[in-house]
Amino acid sequence: MKVALLPGDGIGPEVIREAVRVLEALELPGLTLFEGDVGAAAYRRHGHPLPAETLEMAWAADAILFGAVGDPSFDGLERALRPEQAILGLRSELGLFANLRPARTFAGLEDMSALRPEIAARIDLLIVRELNGDVYFGDKALEMLPDGRRRGWDMMSYAEDEVRRIAHVAFRAAQGRKGRLCSVDKANVLETSQLWRDVVGEVAGDYPGVALEHMYVDNAAMQLVRDPGRFDVIVTGNLFGDILSDQASMCVGSIGLLASAALGDRQTAFGTFGLYEPIHGSAPDIAGQGKANPMATILSAAMMLRHSFAREVEAARIEAAVARSLAEGVRGGDLGGSAGTAAIGDAILQRL
Ligand SMILES: NC(=O)c1ccc[n+]([C@@H]2O[C@H](COP(=O)([O-])OP(=O)(O)OC[C@H]3O[C@@H](n4cnc5c(N)ncnc54)[C@H](O)[C@@H]3O)[C@@H](O)[C@H]2O)c1
Ligand SMILES: CC(C)[C@H](C(=O)O)[C@@H](O)C(=O)O
Ligand SMILES: [Mg+2]
């Protein structure tokens, strides 16, 4: 059970450190951790945000635990060398097309939601975000028009097989939950979305037990704050899923709480190969201050144990320890408290 740790930039190394303490406390036989460089940290040392040796390490691993990448001082670099290309490169090179981003209310935390507590109390949803296509990976350019104006453009597209495979993931997830799937698109304006809607509708024929609805993304953004409890599984494209998952995090209470799994088809001897990461970024505004909430990363490690190592018992132990910490008042700055990164890690370890 080989895990590649890719801490990255900003608060990435700070939150990964706490997740490693939790994993080590479980004393899982055969679990080995090794570390690689990604993002701005890798650019500084190797001249590239995703060096060949890091990619090799990723291929050799059974799972990846990823922190975050991004550093404002590198925003002026050509796009191919920017820190964010490391995570995009890993997702596409490794064929990790299915991004699971669960959002669930934690008991005792309803007051921290940006919504009214009685509305926040009902959240239990899963965003299934397509991760290898959409406007993220199409041709793009910044160019000069003949009349001297600058123009930027990005090609948005999905091929039907790309939509079909993520639709199957989402329908199967809905089968294992409350049996409701909401497909989010912008089919009233975008041809990419019309194809998305058509193909999701076709796949629905294989899942008669799942109730499918289609919703435009602007309405979905509104419904997510009006009544997030109405959603079970949401399936959507790369861009809309990115945006809606940050929004869902504040419905729960903080972006420091939301974990994620990026999965593909590849199976290892232990389970499904995957990359696990908090949905948040490198948070340059609080980096280096010991203030980051490591819960999202610790919960991502739990997802890793569940999906990549079939260790449901240990995954549930981690999740229960996080939930108990929150129920007993452990709060980072993101939740209006004063507990630092290491203190939150200590609290979870004590309750493991
Ligand atoms: N997967 C990734 O690696 C990833 C994801 C998102 C953003 N980014 C990158 O991160 C950099 C910063 O982006 P941003 O500011 O838009 O988003 P961000 O998620 O890094 O931060 C947004 C806000 O949330 C806060 N925050 C985030 N995580 C937190 C945590 N664990 N505990 C407490 N507070 C937390 C930050 O302090 C900030 O105020 C950019 O370079 C961006 O490209 C990377
Ligand atoms: C850093 C960026 C490329 C990334 C994304 O847009 O997918 C991030 O926002 C995320 O949510 O993981
Ligand atoms: Mg994002």
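Predicted model: local features only at pLDDT ≥ 70, side-chain atom pairs only at ≥ 80, totals over all residues.

Student: How many residues does the largest nonpolar core have, and which have the most contacts inside it?

Tutor: A nonpolar core joins buried nonpolar residues through C-beta atoms within 7 Å. Here the largest such core has 107 residues. Those with the most contacts inside it are Ile 64, Leu 65, Val 128, Ile 234, Tyr 276, Ile 298 and Ala 301. Helix H10, residues 295-309, gives the most to this core, with 10 residues.

Student: Why does this core lie between domain 1 and domain 2?

Tutor: Both domain 1 (1-98 + 260-352) and domain 2 (110-252) give residues to the core, so it lies between them.

Student: Which residues does Ile 298 touch?

Tutor: Leaving aside residues up to four places away in sequence, Ile 298 touches Glu 18, Ala 19, Val 22, Ile 318, Val 322 and Ile 348.

Student: Let us turn to the strands. Is strand E5 mostly covered or uncovered?

Tutor: Strand E5, residues 124-130, is mostly covered, with six of its seven residues buried.

Student: Which strands are joined to E5, and by how many bridges?

Tutor: For each pairing, one reads the direction and the bridges. Strand E4 (residues 98-104) runs antiparallel to E5 and is joined to it by seven bridges. In this pairing, Pro 102 stands opposite Leu 126 in E5. Strand E10 (residues 233-236) runs parallel to E5, with four bridges between them. Val 128 stands opposite Val 235 in E10, and Val 128 is also among the residues with the most contacts inside the core.

Student: Finally, where does Gly 333 lie, and why does it count as partly exposed?

Tutor: Gly 333 lies in the loop between helix H11 (312-327) and helix H12 (341-350). A residue is buried with 20 or more C-beta neighbours within 10 Å and exposed with 12 or fewer. Gly 333 counts as partly exposed because it has 17 C-beta neighbours inside 10 Å. Not counting residues up to four places away in sequence, Gly 333 touches Lys 291 and Ser 338.

Technical notes:
Residues numbered from 1 in each chain as written. Chains lettered and ligands numbered in written order. Helix = DSSP H or I, 4+ residues; strand = E, 2+ residues; numbered from the N terminus. Contact = placed C-beta atoms within 7 Å. Domains from an automatic or database assignment. Pairing = 2+ DSSP bridges.
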